[in-house]
Amino acid sequence: MIKYDISVIIPTFNEAENIENIIRAVSGILTDKNITGEILVVDDDSGDGTKDIVRRLQDSISGLNFIIREEDHGLSQSVVEGFEKAQADIIQVIDADFSHPPQLIPDFYKSIKEDGFDIVIGSRYMKGGDIKNWPVKRRIISLGATAFGRVLFPEITDPVSGFFAIKKEVIANARMKPRGYKILMEVLGKGTWEKAKEIPFIFKDREEGESKLKLSTMIDYILQCTDIGVYALKNHNTYAWKEWKKIFKFGLVGASGIVVNTGILYAVTEYFGIYYMISSVFAIEASIATNFILNDTWTFDGANKSHMGSRWKRFVSFQLISVCGVGINLLVLFALTEFAGIYYLFSNIVGIFIAFAWNFLVNRHITWKNKTE
Ligand code: GDD
Ligand code: MN
């Protein structure tokens, strides 16, 4: 059996117009760079002649392999089947319709082979990346879809990209439940990996045809995100688990802050005879300070890698974000109680949750954002 350097998976469904060109393009680029590649077309039993074209090309193009699937139709399912059948240790996934520029494949390959990354992602959302021909509606939906990924993989700008490469071992032990279009999210959520890199690219949508996005697709996606979140709670070798741990620790620290706050409020009011609304200012500030120290040394123990070099800077940032958090809490408390007629203690709980989400996400992305490559 030939040992391939890379397996390039091309999922197809009715791509008669593109398939020959994309196969020739990928094959030519690999040959140019002296990379021995397998091209693995995974087709969902297209009825438009795609299959005949691939079969014909197999005679002249070496390393062109072909899977025809007859059940469990779907893009993600096809890619996962490709993962299983791929012969090389490095796997690339690329669309057939030239939305993803094949000339970048050698860069993906090199990043894994020489620079040791586990996952390399073509990103539309980092500097240098862009999307051509997309209506505003699709852009908004796509940004919404990346939101969940931003929580579990904060350093990744495009967790739903269809253009990516991985080391095969990343998914060797992952129990995937592929569905929908967002296979990369499944890989990031369930795979075992540490180092990821993004390469910017300009996504060019196919000229004709429209988005097949339906309500059921969105519901499917929300279910998939939930499944990934729960999987990471149980499987601690995942990257997402590390992020969950930070959220738990941040929550524990927040709880400790309530104890500090209450203690100081009591002490200053009772022993110094100070008006409780004034004591409360000291109490809030004290709990912000202890929360900061605990978060900086414990929750985000990798803070030395933070892009905000000095601890003072991080403190000022945390302080400002926390003050906004208090504002959000008060605003939600007031709005729900006054305008929605909700019992004020319940409004307050909702306010606490929203402020917590604010505090965690904004601090994670600003105060303790990791340095990336
Ligand atoms: N085997 C198989 N089965 N392939 C499919 C199926 C399917 O059910 N549906 C689509 N494909 C193939 C297409 O033939 C094409 O090569 C590729 O998957 C992408 O399909 P498009 O229909 O062109 O997708 P898109 O342009 O709307 O979506 C792209 O952007 C998304 C992110 O916004 C893709 O790159 C997605 O992978 C990506 O998630
Ligand atoms: Mn496309």
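# Salt bridges and domains in a predicted model

Biologist: How should I read accessibility here: is E155 buried or exposed, and is R364 buried or exposed?

Modeller: The general idea is a cut-off, with buried meaning under 20% relative accessible area. E155 has a relative accessible area of 15% and is therefore buried. R364, with a relative accessible area of 2%, is buried as well.

Biologist: Which residue does K190 meet in a salt bridge?

Modeller: The side chain of K190 meets that of D227, with 2.7 Å from N to O. D227 sits in helix α7 (residues 215–234) and K190 in helix α6 (residues 183–190), so this pair ties together parts 37 residues apart in sequence. In terms of accessibility, D227 is buried at a relative accessible area of 17%, and K190 counts as buried at 3%.

Biologist: Which residues are joined into one network by salt bridges that share partners?

Modeller: That network consists of D44, R69, E81 and K85.

Biologist: What is the N to O distance in the salt bridge of R56 and E20, and which helices hold the two residues?

Modeller: The distance is 3.1 Å. R56 is found in helix α2 (residues 50–58) and E20 in helix α1 (residues 19–32), so the pair links distant parts of the chain, 36 residues apart.

Biologist: Let us turn to the domains. Into which domains is the protein divided, and what distance separates their centres?

Modeller: Domain 1 covers 6–230 and domain 2 covers 240–365. Taken over C-alpha atoms, the centres of domain 1 and domain 2 are separated by 41 Å. The contact takes 9 residues from domain 1 and 8 residues from domain 2.

Biologist: How much area do domain 1 and domain 2 bury between them?

Modeller: They bury about 720 Å², with 61% of this area on carbon and sulfur atoms. V151, L152 and P154 are the residues of domain 1 that lose the most area to domain 2, together 58% of what that side buries.

Biologist: How many salt bridges and how many residue pairs in polar contact are counted between domain 1 and domain 2?

Modeller: The count is 1 salt bridge, and there are 3 residue pairs in polar contact, both residues being at pLDDT 80 or more. On the side of domain 1 that touches domain 2, α5 gives the most, with 3 residues. The residues of that side divide into 4 nonpolar, 2 polar and 3 charged.

Conventions
Residues numbered from 1 in each chain as written. Chains lettered and ligands numbered in written order. Predicted model: local features only at pLDDT ≥ 70, side-chain atom pairs only at ≥ 80, totals over all residues. Heavy atoms only, no water. Salt bridge = Lys/Arg side-chain N within 4 Å of Asp/Glu carboxyl O. Helix = DSSP H or I, 4+ residues; strand = E, 2+ residues; numbered from the N terminus. Buried < 20%, exposed > 50% of the residue type's maximum accessible area, 1.4 Å probe, protein only. Domains from an automatic or database assignment. Contact = heavy atoms within 4.5 Å. Buried area = accessible area lost by both parts, 1.4 Å probe. Polar contact = N/O pair within 3.5 Å; in protein donor to acceptor, adjacent residues only side chain to side chain. Nonpolar A, V, L, I, M, F, W, Y, C, P; charged D, E, K, R; others polar.
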